[in-house]
Amino acid sequence: MKTFLLAVASIVLGTASVQAADLAAQYTKAPMMAPAYNWTGFYVGGNVGGQWGSSDPSTSTVFSPTGYFAASSVPAVNTVGAQGINSSSVTGGFTAGYNWQVNHAVLGLEGDINYFGFKGRASGTAVYPCCAPDTFTVNSSVSADWLATIRGRIGFLAAPTWLLYATGGAAISEVKANFNFTDTFAGGAAESGTIRDTRVGWTAGVGTEYAFGGGWSLKAEYLYVDLGRATATSTNLVGSAGTLPFPSSVFTHSVDIKSNIVRVGVNYKFGGPVVARY
């Protein structure tokens, strides 16, 4: 009898254990899944890098029967006046923008303002073809202290937190240039010109950005900038040691700036939705 009761008890206890295990499995909470990063939202940031640029300032004049120059002198002045300047400097500034994420695509609008630091000088001297050994000299200087851009961005996600993008839009800067012509003929002549122009050019480039948590992200970016060409004219040439004006000897001065910019930056995104990742 005892044996029979023990067998029954074993069966009952075993059945109860199995049912308890089933109930425990049914009421165990599913593990929480980490949210996937979403790029939608407003962000601000800073950047630092370098620019490597060039400028081709130009000084030219024209022949006039009542002007200062002999016919053979004009091509010589124009040749020396076609000059080239290279510039490199550290850049840095602030960025703000907004992104919209659509599935694996990210669209955005971004603006920034940076210290540009473009600066350089050029000078050339030659002998007058008509009047050796007298010479003339053309000097040019170019600078642009700041650069702002307003760009669209379009990219795709190589991973939820890794963005690859292309960017392009407007580039804005105040371009400053000074020009000076002098010579040694008959007591010397002199002319000068100045350009101060807020240029609106274009920029395009590529970049990558990596989000590492809490709204923060790191980026690396390349931009090509072309600010176009600005032009000014002058009629202030004075010869004979500054005593005889020649307004018919018109000078044309022009300047352009192109630059390659490589920079790294950090951004902080405010808010924005997250999407559960399963």
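Tutor: Start with a cut-off: buried means under 20% relative accessible area, and partly exposed lies between that and 50%. Keep in mind that this is a predicted model.

Student: Is Arg-263 buried or exposed?

Tutor: Arg-263 has a relative accessible area of 5%, so Arg-263 is buried.

Student: Which side chain does Arg-263 meet in a salt bridge?

Tutor: A salt bridge needs a Lys or Arg side-chain nitrogen within 4 Å of an Asp or Glu carboxyl oxygen. Arg-263 pairs with Glu-221, at 3.0 Å from N to O. This pair links distant parts of the chain: Glu-221 sits in strand 9 and Arg-263 in strand 12, 42 residues apart. Glu-221 is buried too, at 3% relative accessibility.

Student: Which residue forms a salt bridge with Arg-153?

Tutor: Glu-110 does, with the closest N and O atoms 3.8 Å apart. Arg-153 belongs to strand 6 and Glu-110 to strand 5, and 43 residues separate them. Both are buried: Arg-153 at 5%, Glu-110 at 1%.

Student: What about Arg-229 and Asp-256?

Tutor: They form a salt bridge, with 3.4 Å between the closest N and O atoms. Arg-229 is in strand 9 and Asp-256 in strand 12, so the bridge ties together parts 27 residues apart in sequence. Arg-229 is partly exposed at 36%, whereas Asp-256 is buried at 6%.

Student: How many salt bridges are there?

Tutor: The count is 13.

Student: Which residues are linked in a network of salt bridges?

Tutor: The network joins Glu-110, Asp-112, Arg-151, Arg-153, Glu-209, Lys-219, Glu-221 and Arg-263.

Definitions and conventions
Residues numbered from 1 in each chain as written. Predicted model: local features only at pLDDT ≥ 70, side-chain atom pairs only at ≥ 80, totals over all residues. Heavy atoms only, no water. Helix = DSSP H or I, 4+ residues; strand = E, 2+ residues; numbered from the N terminus. Buried < 20%, exposed > 50% of the residue type's maximum accessible area, 1.4 Å probe, protein only.
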